[in-house]
Amino acid sequence: MKKPLPRAWLAGMAAVLAVGCGSHLDISPMSDPDRVLIGRVEARGSDVLPSDAVVSVRVVDPERTTDKPPSAVLGEPSPIPERSILPPKILGEQIIKHPGQFPIVFRVEYTAIDEQLQRGLIVEARISFAGKVQYFNLESSAVTLTNFADTHVVSVNRL
């Protein structure tokens, strides 16, 4: 004849199993999505910008796709959803009028969840005057989960 297991033993085993299962779940809290990017825009030389110059610094999420319903082929829907690429989403922007000369200090408030920062966001800087864009950063400057709190230097080139 089998002896019934003591209830205390069963409760202990249940606790061990619950703790073991919890170690596989990511229960770390997400950080605050309201963020601030600080830095400066630099260019070769020490050009003094004209009085009508306007600097735009943006934080952009380059990866935006959405699932569209499958297309009907001869009246039958496809089992695989189509991907639609959307334009990059601007998460934050600062416009600076009459910046003077380089370096130009910026502060961009933006909202991004940790998942977006894990993929990486892009910093775009452009300077316009005389009715057109005159400077632009040709090399990407990335904001990630590991560097979002750092001071970023964005180098722009004359077009």
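The side chains of R119 and E115 come together in a salt bridge, with N and O 3.8 Å apart. Keep in mind that this is a predicted model. R119 and E115 both belong to helix 2, and since they are 4 residues apart there, about one helical turn separates them. R119 has a relative accessible area of 35%, so we call R119 partly exposed.

How many salt bridges does a search of the whole structure find? The count is 7. Another one joins R126 and E124, whose side chains meet at 3.6 Å, N to O. R126 is partly exposed too, because its relative accessibility is 26%.

## R35, a residue with several partners

Now let's look at R35. R35 forms a salt bridge with D114, and the closest N and O atoms are 2.7 Å apart. D114 sits in helix 2 (residues 114-119) while R35 sits in strand 1 (residues 34-42), so this pair ties together parts that are 79 residues apart in sequence. Are these two residues buried or exposed? Both D114 and R35 are buried.

## Strand 8 and its two faces

That bridge brings us to a strand pairing. Strand 1 and strand 8 pair in the antiparallel sense, over 8 bridges.

Strand 8 covers residues 104-111, and it has two faces to look at. I104, F106, V108 and Y110 make up the covered face. V105, R107, E109 and T111 make up the uncovered one.

## One aromatic pair

The structure holds 1 aromatic pair. It is made by F102 and Y135: their ring centres are 5.4 Å apart and their planes are at 65°, so the pair is edge-to-face. F102 is in the loop between strand 7 (89-97) and strand 8, while Y135 is in strand 10 (residues 132-136), so the pair ties together parts that are 33 residues apart in sequence.

F102 counts as buried because its relative accessibility is 7%, and Y135 counts as buried at 3%.

In soluble globular proteins, nonpolar side chains tend to be buried together. Here, the largest nonpolar core has 26 residues, and V41, F102, Y110 and I127 touch the most other members. Which elements give two or more residues to this core? They are strand 1, strand 2 (54-61), strand 7, strand 8 and strand 9 (121-129). Strand 9 gives the most, with 5 residues.

Not counting residues up to four places away in sequence, V41 touches V57, F102, P103, I104, F106, A125, I127, V154 and V156.

## A stop at S141

Finally, find S141, which is in strand 11 (residues 141-143). S141 has a relative accessible area of 10%, so S141 is buried. What is S141 in contact with, leaving aside its neighbours within four places in sequence? The contacts are L121, I122, V123, H152, V153 and V154.

Methods. Residues are numbered from 1 along each chain as its sequence is written. This is a predicted model: local features need pLDDT of at least 70, side-chain atom pairs count only at pLDDT 80 or more; totals for chains, interfaces and linings use all residues. Side-chain values use heavy atoms; hydrogens and water are left out. Buried means under 20% relative accessible area, exposed over 50%, partly exposed in between (1.4 Å probe, protein chains only). Contact means heavy atoms within 4.5 Å. A salt bridge is a side-chain nitrogen of Lys or Arg within 4 Å of a carboxyl oxygen of Asp or Glu. Two strands pair if DSSP finds at least two bridges between them. Rings of Phe, Tyr and Trp (its six-membered ring) pair if their centres lie within 6.5 Å; planes under 30 degrees apart count as stacked, over 60 as edge-to-face and the rest as tilted. A nonpolar core is a set of buried Ala, Val, Leu, Ile, Met, Phe, Trp, Tyr and Cys residues joined through side-chain atoms within 4.5 Å.
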